[in-house]
Amino acid sequence: MKVFGQRKRAAAAIAAAGALLALAACTPAGTGSPAASPASTPDASAQSSTTAPTSPSAEPGTSATVGALVPGFPQKLLPLMPGAQVVSSSFDKTTVPATAALVGSTTAPAADVLAFYTKGLQAQGFKAVPGETVGALPSKDFLRGDNETVNISVMQTTGVSTFTIGANVAAESVK
């Protein structure tokens, strides 16, 4: 029963990270309402990488963009895997804990993506939570201290691994 609870929490973390990233990356500047995003189309990788302008109504310290890392993204905490491309990213340092999300794609297998981020996060003091999947989806959760969490999930289709990373970390971790 303990494993089921961990998987249920992992599934909730994946859903929350995906929802946060989708909301942040798909909201047009200044409107507050979701809209179609280039990241949701199959040929998003063929589109050019641009940084969306900062919304005048957005909270200072909150940003999201498609095709690039947002300014201030905590690259030391969550570096982009070599050979991977950014699909979208978001960063909100106004919340406690701060939140960062990254969606990337690579031709590396899902196991290599998980291994890269596992090594990097463990080097920063995160401990892996038991479990490697949620259903059939490769997924890994990490904890540091009492309230810092990172979730990585990878979907692999036709030779492309698309990974989503959601992190909730202390402000000191994102400097």
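Trainee: Is Lys140 buried or exposed?
Mentor: Lys140 is buried, with a relative accessible area of 7%. Buried means under 20% relative accessible area, exposed over 50%, and partly exposed in between (1.4 Å probe, protein chains only). Keep in mind that this is a predicted model: local features need pLDDT of at least 70, side-chain atom pairs count only at pLDDT 80 or more, and totals for chains, interfaces and linings use all residues. Residues are numbered from 1 along each chain as its sequence is written, and side-chain values use heavy atoms, with hydrogens and water left out.

Trainee: Okay, which side chain meets Lys140 in a salt bridge?
Mentor: That's Glu132, at 2.9 Å, N to O. A salt bridge here is a side-chain nitrogen of Lys or Arg within 4 Å of a carboxyl oxygen of Asp or Glu. Glu132 is partly exposed, at 44% relative accessible area.

Trainee: How many salt bridges does the structure hold?
Mentor: Two. Glu148 and Arg144 also pair up through their side chains, at 2.7 Å, N to O, and both of those residues are buried.

Trainee: Switching topic: which residues touch the most other members of the largest nonpolar core?
Mentor: Leu78, Tyr117, Val150, Ile152, Phe163 and Ile165, out of 27 residues. Such a core is a set of buried Ala, Val, Leu, Ile, Met, Phe, Trp, Tyr and Cys residues joined through side-chain atoms within 4.5 Å.

Trainee: And what is Ile165 in contact with, leaving aside neighbours within four places in sequence?
Mentor: Its partners include Leu78, Tyr117, Val150 and Ile152, plus Ala100 and Asn151. Contact means heavy atoms within 4.5 Å.
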